[in-house]
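Thanks for coming, everyone. Let me put the structure up, and then we'll walk through it.

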Amino acid sequence: MTIITVETERLLLRAWQDSDLPAFAAMNADPEVMKYFPACLSREESDALANRIRQFMQQHGWGLWAVEAKGGAPFLGFVGLAIPSDDLPCSPCVEIGWRLAAEYWGQGYASEAAYGALNLAFNTLGLTEVVAFTAETNRPSRRVMERIGMTFSGETFDHPRLAVGHPLRKHVLYRRHPPF
Ligand SMILES: CC(C)(COP(=O)(O)OP(=O)(O)OC[C@H]1O[C@@H](n2cnc3c(N)ncnc32)[C@H](O)[C@@H]1OP(=O)(O)O)[C@@H](O)C(=O)NCCC(=O)NCCS
C-alpha cells in the first residue's frame, strides 16, 4: 500500500527508512525521552518496534510516521496514528501519539506534526474519533494534547501492562471528534 505523506509548515511526516534506525535507537535509549515509559529500549527492541510500526503502515497506508525537518534534521522522532493492541476503555480506537529526540523539544514540533496527523485523520481518513493517552504525570504530552484541541473529561484508567503500584500506571484519556 502507498504510504501517505503529511506535510506541515516545517515538517514532513513520511515513511520510515533504514537510515532512521540508529537515531531511533539513540532516542529510545535516552532516559529523559523514556521517563514516562517503563524502561529504555535496547537496539534490538528499538529495531523491533520500528519493524512493527513499518508493518502497520504497510497495511494501512498511515501510522506512526517518521518526522523529518524540511531542509533540516532527517529524523526527529515519530508522530502519528496507531491502533492500541491492549484492551483499553476506548477500544476499539485510533490513538494519536508522539516521541521526539530531546534535542528537538520545546519548538512546537510535536504539536505541529500532531495537528497535521489529526487533520488527515478527520479530513482524509474520515475517522469519527481519535483518542490520546499518557501517564497522568506526563505534562509535556498532555500539553500537546491540549494544543491540538483534545479534551480531557476526567477519564482515567490503569494501564494493563503496568503492575499495581507502578508510578506510571494511572493514565489519562483525551478524545477529539470532528469537525476539525
Ligand atoms: C511530549 C513531546 C513529544 C513534546 O514535544 P515538543 O516538540 O517539545 O512539544 P511542543 O514543543 O509542541 O510543546 C508542547 C508543550 O510541552 C511543553 N514542553 C515541552 N518540553 C517540555 C518539558 N521538558 N517539560 C515541560 N514542558 C515541556 C511545551 O512548553 C509546550 O507547552 P506550552 O504550550 O505550554 O508552551 C516530547 O516531550 C517527547 O518526545 N517526550 C518523550 C516521549 C513521550 O513522553 N511521548 C508521549 C507518550 S504518550
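One definition before we start: buried means under 20% relative accessible area, exposed means over 50%, and partly exposed is in between, with a 1.4 Å probe and protein chains only. This is a predicted model, so local features need pLDDT of at least 70, side-chain atom pairs count only at pLDDT 80 or more, and totals for chains, interfaces and linings use all residues. Residues are numbered from 1 along each chain as its sequence is written, and side-chain values use heavy atoms, with hydrogens and water left out.

Take Thr151. Its relative accessibility is 48%, so Thr151 counts as partly exposed. Thr151 sits in strand E7, residues 151-158; strands (E, at least two residues) and helices (H or I, at least four) are DSSP runs numbered from the N terminus. What is Thr151 in contact with, leaving aside its neighbours within four places in sequence? Leu173, Tyr174 and Arg175, where contact means heavy atoms within 4.5 Å.

Now the ligand. The shell around the ligand holds 20 residues, where near means a heavy atom within 4 Å. Gly106, Gly108, Ser111, Arg143 and Arg147 come nearest. Which elements supply at least two shell residues each? Strand E5 (95-100), helix H3 (109-123), strand E6 (130-135) and helix H4 (139-147). H4 gives the largest share, 5 residues. By class, we have 10 nonpolar, 7 polar and 3 charged. Here Ala, Val, Leu, Ile, Met, Phe, Trp, Tyr, Cys and Pro count as nonpolar, Asp, Glu, Lys and Arg as charged, and the others, Gly among them, as polar.

A backbone N or O atom of Trp98 lies 2.8 Å from a ligand nitrogen. For Leu100, a backbone N or O atom is 2.8 Å from a ligand oxygen. Ser111 uses its side chain: an N or O atom there is 2.6 Å from a ligand oxygen. The ligand taken alone exposes 920 Å², and the protein buries 75% of that; these areas are Shrake-Rupley values with a 1.4 Å probe.

On to helix H1, residues 21-28. Leu21, Phe24, Ala25, Met27 and Asn28 are buried there. They cover an arc of only 160° around the axis, which puts them on the same side of H1; the arc is taken over directions from the helix axis to the C-beta atoms. The buried residues of H1 pack against helix H2 (43-60), strand E4 (77-82) and E5.

Last, peptide bonds. Most are trans. Ser91 to Pro92 is cis, with omega about -5°, and Pro92 is in the loop between E4 and E5. Pro178 to Pro179 is also cis, omega near 5°. Pro179 lies in the segment after strand E8 (170-176).

Note on methods: Polar contact = N/O pair within 3.5 Å; in protein donor to acceptor, adjacent residues only side chain to side chain.
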